[in-house]
Each structure stands twice: as C-alpha cells, then as structure tokens.
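Visitor: Could you take me slowly through one part of this model, and then show me how a pair of helices meet elsewhere in it? I am new to reading structures, so please name the residues as you go.

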Amino acid sequence: MNSAKLRRSLVCWLILSPIVVAALFPFAVMVITALKPSTEVLTPTWWPSRLAWENFRTMWAATNFGNALRNSLYVSVLATLGSLIVSIPAAYALTRFDFKGREFYRQFLLVTQMLSPIVLVVGLFRLMVALGVIDNINAVTVVYAAFNIAFSVWMLQSYFATIPVDLEEAAWMEGAGRAKTLVKVFLPLAVPAMVVTAIFTFINAWNEFVIALTLLRSQDSYTLPIQIFSLVSGRYTVEWHHVMAATFAATIPVAIAFAWLQRFLVRGLALGAVK
Amino acid sequence: MTSKRVVAPYVLILPSFVLAALIVIWPVNELAQLASHSVNRFGQLRDFVGMANFRALLDDPNFIDALWRTGIWTIGVVGGAILCSVPVALVLNEDFYGRDLARVLVMLPWAVSLTMTAIVWRWALSGESGMLNSALMDFGIIDENIQWLAEARTAFPMQILIGILVTIPFTVTIILGGLASIPDDLYEAAALEGAGRWEQFRYITLPLIAPFLNIALVLNTIYVFNSFPIIWAMTQGGPANSTDILVTYLYKVGFRLGKLGEASAVSLVMFGILLVFTLIYVRLTASRGAKA
C-alpha cells in the first residue's frame, strides 16, 4: 500500500459517500422490513428484535409469488430469445454490408427506441384488442421482444464492428461460403456480445411495468412487478413485510447478476455511444 | 462488396423490421384515428372531429398543469443527474482502493425495476412508519414526522430526487466512456505547461467529454420524459393530480376515464415533442460522425 493512493482513496470515497448512501438506503429499508416480525413492521426502528425469516415463506403463499415468478421468467426468457434472433442478423447486416436504406433503417430503429411503450400504450392496447390477445402473456412477450430490438441491434453492432473482417476474409479464401464463415468464425467471436445483450434484454423485460399493467388483466397472468404493485395499490392495509420480502426476492437475483456483469455493459454502452 | 450479395442485407434486417414496425406503425396509425374522431366509451370510432380532442386538452387545466410539471420533472431529473454524474464519473475514473466496489454500488439502482424502487421508497417515505423520517430524526435533522407523499410540495421534489438517483448510473456509464477515450499524455503535457487540476478539467476534460454529455443529455431527456413507474407507483399522480406528468395524465385519461380520443391526442402531442428530441439527437450524432 502506498500512502498517496491511500489518501486518494479516502478522498474518493468521501466524495462518493452521499450517492452511495442514497443508493443503498432503499436496499436497507427493503431488507430490514422484509426481516421484521409482522408485529414490528409499523414501528420505524432500524433493528428488528429478531430476524423473521418466516416472512419469506408466508409471503410466498400470501402473494401468489410463485405464479408471478413463473410468468416473469417465461416472458423474459422468450422475449430475450425472440429479440436476439431477429437482432443478430440485423446487426450483422448493418455492420458488414453497405446497402441502400441502411441509414433509414438505423433511424427507424432510433424512432422505435424514442417511442417508448407509454406513448403508444393506447394504440398498443387497441392492437391487442383487435387481435384478441388481451391478458395473454405471449402477446406481452412479443411486444417486449419488439421494443428491445433497437437497443439490442445498437449493442450488438457496436461489438460486431470490433471483430476484424480479416478473419472472415481468411475463411472465404479457404473456400468457406458466407454462411459457413458466419457460423464457424463470426458468431463464436460474437458470443460475449450476445450474452451481454441477452442479459440486458432480460433485465428490461423482467422489470417492465406499463405494458404489463395495461395488457395483463388477471392475477394468473401477472408478472412480478404487476403482482407486487397490486399488493400496494388501492388497498387500505398493506402487508409491508410481505411486500418488501417479495420485492427483495424479485430484485436481488437480478441485482447480483447485474453487479457481476456491469463492467461488460459499461464497455458495450461506451462503444455504442462512440459509434 | 459485390452486387450478388445485394439482397442479403435486406433479408437479414427483414424480421427485425417486421416485428418493430408491428408495434410502432399500427399503434401510431390507431392513435391518429382515435385523436381525430370522437370515440365512445367502448372504443368505437364515431364522427371525424378534426382537432376537437386537442382543443379539449387545451381547455383542461389538468393537462396544462401536467405539461408544465413534465417540463420541471424532465429538466430537474436530467439536469440533476448530469450535475451529479460528472463528479461521480471523474472519481470512478481515478485509481483508488475499492473502485470496483464503488462502481457496483453506484450502478446498483440501475438493476432494480423502477416499480420496485418506487414501491420501496413509498414505504420508506410513509409519514408514521417510514424509515426516512426515523433516520432523519435519529440524526437530529428533523424533529417531527414529515408526511412526504401527502402533498405535492414534498412528494414531487422527492420523486425528482429518486428520478435523479436512478438516472445517475446510465449517465455515469456514458461519461466514463468519454473519459476513457481521452489519452493520458494530454494531461501530462498540460501538467508540464503548468496547468492545475481545475484548468485541466476546464480545458481538456470538459471539451473532450462534451459530445458524450450531449448524448447523455438527449437520451436521458427522452427516457425521463417518458418515465411512468416512479410517479405511478408512488402517488398515481395524486394527491388531487398534483404530481401528474404527461404520461400519468395520459394513462388516467385513457384507462381510468376511458376518454381514448383525448388520451390519443396526448400521445400525439408527446410524439411531436419526442420527434424534436430525436431530431436533435440525430443532428448531434451526425455532426460527431462528420468530425470523426
């Protein structure tokens, strides 16, 4: 340890402390409330008299958590796959081909990104009514996949551009066709990009609120954010220890995955911003 | 590229185009229809009414209030986030003990859904049992409970603060990308010339991260302008519509009051404003592309 770096570290942490405290405060509230015995929930003390782990068990039954968890997993996994399957070829085309309408397509994607679901929500609702798929989680899955295309293409493209064309050209020289080169040379190199994009799409779908709130009508089809929201909205008594336990269970796995992967995301986004 | 492959890119982009177009073009067309007709409660189109739905909005004081409040919300959150993010990114760009941990902690709010964040804060801000009040009392900052969400005077600023907190991670990320693109020897040269830290920041760092700040500014403006869950999950625009912004107003008019024509008109107004932001963004990225 050198003392100059030690002093710098102290100053850095001091400057960051307000934001770190503000970022951690809701987590602290969530964890502490989730572990308070139900009789102590309404007293705003920091330390519960004992850790009430049973809250998680009672929450599971009381909040229909398992069903919402299943729906969330189903929607998020399928939306991620769907979005990747259409985004990978598009990103490849934008990176490796110079074609008429390329700029138009980029801007079209940009517009889909700008027009977030909330602006279109009335129109989307009408579309789903017309198709007869209100309260259908498959319809929600398709909408999630579609709204993630712009971001996925952007991320993938920024990574794809860093893969040298030489490698593919070398394979063509050897007589491999374009398709074979794609599968044998390009895609294996692009795996990290696809993984990061998939995780980002998954988190987006996992956390989405407006579309689910509008298109899903019955408890059976609720995803986690809507299920948990339904526990606090329009009720006279809210079982906050259950709500916080549910929030905790829905949040922590995703937050850990994110913490682990955020440096890749940071790199990808930075690349994307420079492109 | 040879002309033989000229079909390939179109085949490759087709599936993504079809899917993205489905959820944008159809709804936009639908919004245009609804906004220009009178619509009954069951969503059936009646007569063509031209601009009547838009005029109804202008006569609704709640719409005008929400429009203003959207401006305050957007400027407050985006401005606050950028002001906080620059120093945070500068610090995170330094080499210090525990930097990786610090990065994770600053980025963490990004991973949590806005709905969950809003629900946790709603509980933390509750007047009698909220832990923010008890924390502030413990530190002797306040001496009686504040009913944070019971009136707009405290609810809306708190929502803006939470908005800032959740916008910081993305903004820091973009700025860090900008900082990483600055070569170290620029600073070394400046230090040799006798430039102090502030001068280095003012004349090297700031101009070189300016394009990144611009992009963060425009993208955040679009995201924040459209942000629905924080306000909806905390107050649903209440009490008495006093925390409504355009998106929550739109949702209420459309799905609570069932006035689909007026709600569509709000959507189209937002669409127009967003289009302006988009054009600014395209301008910014295009001018950067030309420079590169």
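Guide: The second largest pocket of this predicted model is lined by 23 residues, and those that lie nearest its centre are Pro18(A), Val21(A) and Ala22(A), together with Trp121(B) and Leu165(B). Several elements each give two or more residues to this lining, namely helix H1 (3-34) of chain A and, from chain B, helix H3 (61-92), helix H6 (131-138) and helix H7 (152-180). The largest share comes from H1(A), which supplies 7 residues. If we sort the lining by class, we find 22 nonpolar residues and 1 charged residue, with no polar ones, and the space that lies in the pocket is about 650 Å³.

Let us turn now to the pair of helices. In chain A, helix H4 (residues 102-114) and helix H6 (residues 137-160) have axes that come within 8 Å and cross at roughly 130 degrees. On the side of H4(A), the contact is made by Arg106(A), Leu109(A), Thr112(A) and Gln113(A), while H6(A) brings Phe147(A), Ile149(A), Ala150(A), Phe151(A), Val153(A) and Gln157(A). By class, the residues of this contact divide into 6 nonpolar, 3 polar and 1 charged.

Technical notes
Residues numbered from 1 in each chain as written. Chains lettered and ligands numbered in written order. Predicted model: local features only at pLDDT ≥ 70, side-chain atom pairs only at ≥ 80, totals over all residues. Heavy atoms only, no water. 1 Å grid on protein atoms, 1.4 Å probe; cavity = no way out; pocket = protein on both sides within 12 Å on 5 of 7 lines; lining within 4 Å. Points joined across faces, edges and corners; volume = space filled by probe spheres on them. Helix = DSSP H or I, 4+ residues; strand = E, 2+ residues; numbered from the N terminus. Nonpolar A, V, L, I, M, F, W, Y, C, P; charged D, E, K, R; others polar. Axes fitted to C-alpha atoms, helices over the stretch in contact; angles between N-to-C directions. Contact = heavy atoms within 4.5 Å.
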